[in-house]
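Subject: Structure handover

Hello,

Here is the structure we spoke about. Please open it alongside this note, and then read on for what was found.

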Amino acid sequence: METIHYDVFVIGSGIAGQTAAKACIAAGKTVAISDKREFGGTCATRGCDPKKVLMQFADLEQKAKQLESLGIKNGPKIKWKAVQKFKSTFTKPVPLSTENNLVDLGIDLYHQSPKFISKNEITVEGKTISADKFVIATGFVPRTLEFKGAEFLQTSDAILKLKKIPESAIFIGSGYVGMEFCYMLSTMGCKVTMIEIGQQVLSQFDSFLVEKLTKVLEKRGVQFIYDVQPENIKKGKKNLKLTFQKGGKSKTIKAKKVFNTAGRVPAIDKLDLEQANVKADDSGILVNDFMQSTSNENVYACGDVSSKSLPLTPLSGLQGYIAGHNIINGNTKEFENPLVPSIVFTHPQLATVGYSEEEAKSRYKNVKIYKGDASKWYNAKKENAEAYAYKIIVNERTDKIVGAHLLSAQANETINILTVAINEDLTINEFKKQIFTYPSYANDLKSMLKDE
């Protein structure tokens with residue numbers, strides 16, 4: 001069988017893979033790209049973009065409920081089929097437009113997941129292909145849960161395609177994806193139960209704010225069950241029955257749907273990386289600061305699948321650019337972890353940037369914590385918000401902000417202001433000199449930094 005050769009072969013067609021491929025083709029290299037799913041990647045087709053389209057309708061319904069006794073007589077009626085049709089206007093064009101764009105640039109496409117057969121060869125679509133350089137940008141896939149009846153579990157893909165809101169649902173896992181869809185479905189009339197193997201949901205976020213968020217969701221009917229070990233799922237006539245262990249006792253709950261939201265893992269199992277001497281662990285493919293494999297100099301990895309990344313689209317694009325640059329020019333550009341804010345799109349939203357309280361205390365000799373409940377402040381009261389709180393962390397020696405954590409209706413936007421403050425090394429005094437619009441959540445940030 002004849003071997004096809006490329007200068008660069010990219011595995012994965014999301015932002016990271018596309019960015020690397022486009023840089024290499026622009027530099028005159030021969031390039032191919034493969035994907036086992038529709039071209040365009042997770043974010044645009046089955047991730048953050050369609051999720052936000054759907055969730056804005058839950059936000060509308062939640063906002064109306066908050067104002068129900070204050071002037072809203074009849075809340076909005078959401079037509080879910082119309083919502084899904086609207087969402088598809090964003091997702092449906094992506095695969096074809098992505099493919100057309102890549103083909104127009106002169107990039108060859110393969111619609112299958114390849115397997116490595118040597119350090120510089122793969123098989124894909126029944127063909128043997130060699131390349132001078134490979135870029136692995138396969139992203140994440142849902143973590144596999146192994147217990148009897150696990151085949152009845154559905155993932156976030158299924159939530160994005162729901163034809164109607166289910167009467168009840170169980171989520172196994174309470175990371176940001178689980179919590180966001182828990183909020184969305186519960187707001188739209190679904191009875192939701194959150195199953196968590198640990199003792200806190202959203203374990204990577206500040207516990208002071210997480211506790212307030214969970215109390216809000218509990219008031220809306222969400223049930224949280226902690227320290228749980230799922231055992232099996234059985235299909236009944238009308239419901240799925242989940243049996244789990246808690247405190248040494250076996251318990252059963254029922255729901256129309258059971259979703260696996262136990263996190264995501266690097267999508268590398270099908271690649272046969274060992275054949276190419278590409279080392280990886282639970283964090284992903286092990287790479288150096290040039291996004292190059294630590295064990296195979298001809299392989300680069302970028303985006304979620306690399307050991308140096310967080311699962312965030314802006315980082316994927318940056319790493320794809322760096323991988324492409326280094327393939328073209330030699331290893332001359334290093335990846336430096338930028339300050340990256342994170343957000344959970346519940347209502348209220350939970351946002352974080354910089355150090356946690358624990359991290360700051362381990363790093364600095366003296367730390368000042370500005371922490372409080374702002375639910376009685378104007379912006380919360382005018383919306384009849386159920387929760388509004390904050391924690392801002394300052395290095396006492398320099399008086400500079402080093403970490404920020406917000407729970408509010410506009411935390412996704414206001415956390416960006418604190419991100420700039422940390423990046424610019426602003427002291428509290430310098431930050432409070434800034435003039436923001438009033439009344440606004442941004443202006444509240446200055447009030448959060450007042451000494452009691």
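One cut-off comes first: buried means under 20% relative accessible area, exposed means over 50%, and partly exposed lies in between. Please also keep in mind that this is a predicted model.

**Salt bridges**

The count comes to 14 salt bridges. Three of them are described here.

Start with Arg37 and Asp157. They form a salt bridge, and their closest N and O atoms are 2.9 Å apart. The pair links distant parts of the chain, 120 residues apart. Arg37 sits in the loop between strand S2 (31-34) and helix H2 (41-46), while Asp157 is in helix H6 (residues 156-160). Is Asp157 buried or exposed? Its relative accessible area is 19%, so Asp157 is buried. Arg37 has 33%, so Arg37 is partly exposed.

Next, Lys391 and Asp206. This salt bridge also has its closest N and O atoms 2.9 Å apart. Lys391 lies in strand S22 (residues 389-395). Asp206 lies in the loop between strand S9 (191-195) and helix H8 (207-219). The pair therefore ties together parts that are 185 residues apart in sequence. Lys391 is buried, at 4% relative accessible area. Asp206 is buried too, at 8%.

There is also a network. Salt bridges that share partners join Arg37, Glu38, Arg46 and Asp157.

Then Glu61 and Lys65. Their side chains meet in a salt bridge at 3.9 Å, N to O. Both are in helix H3 (residues 48-66). They are four residues apart, so about one helical turn separates them. Glu61 counts as buried, at 15% relative accessibility. Lys65 counts as partly exposed, at 38%.

**A positive patch**

Which residues form the positive surface patch? They are Lys148, Lys234, Lys241 and Lys254. Lys234 lies in strand S11 (residues 229-235). Its relative accessible area is 53%, so Lys234 is exposed.

**A buried alanine**

Ala380 is in helix H11 (residues 378-383). Its relative accessibility is 0%, so Ala380 counts as buried. What does Ala380 contact, leaving aside its neighbours within four places in sequence? The contacts are Ala374, Ser375, Ala385, Tyr388 and Tyr441. Ala409 is 29 residues away from Ala380 along the chain, and the C-alpha atoms of the two are separated by 8.3 Å.

Best wishes

Notes: Residues are numbered from 1 along each chain as its sequence is written. This is a predicted model: local features need pLDDT of at least 70, side-chain atom pairs count only at pLDDT 80 or more; totals for chains, interfaces and linings use all residues. Side-chain values use heavy atoms; hydrogens and water are left out. Patches are made of residues with over 30% relative accessible area and no salt bridge: like charges are joined within 9 Å, nonpolar side chains (Val, Leu, Ile, Met, Phe, Trp, Tyr) within 5 Å. Accessible areas come from the Shrake-Rupley method with a 1.4 Å probe; for residues, only the protein chains shown count as cover. A salt bridge is a side-chain nitrogen of Lys or Arg within 4 Å of a carboxyl oxygen of Asp or Glu. Lys and Arg count as positive and Asp and Glu as negative; His and the chain ends are not counted. The place of a charge is taken as NZ of Lys, CZ of Arg, CG of Asp or CD of Glu. Helices (H or I, at least four residues) and strands (E, at least two) are DSSP runs, numbered from the N terminus. Buried means under 20% relative accessible area, exposed over 50%, partly exposed in between (1.4 Å probe, protein chains only). Contact means heavy atoms within 4.5 Å.
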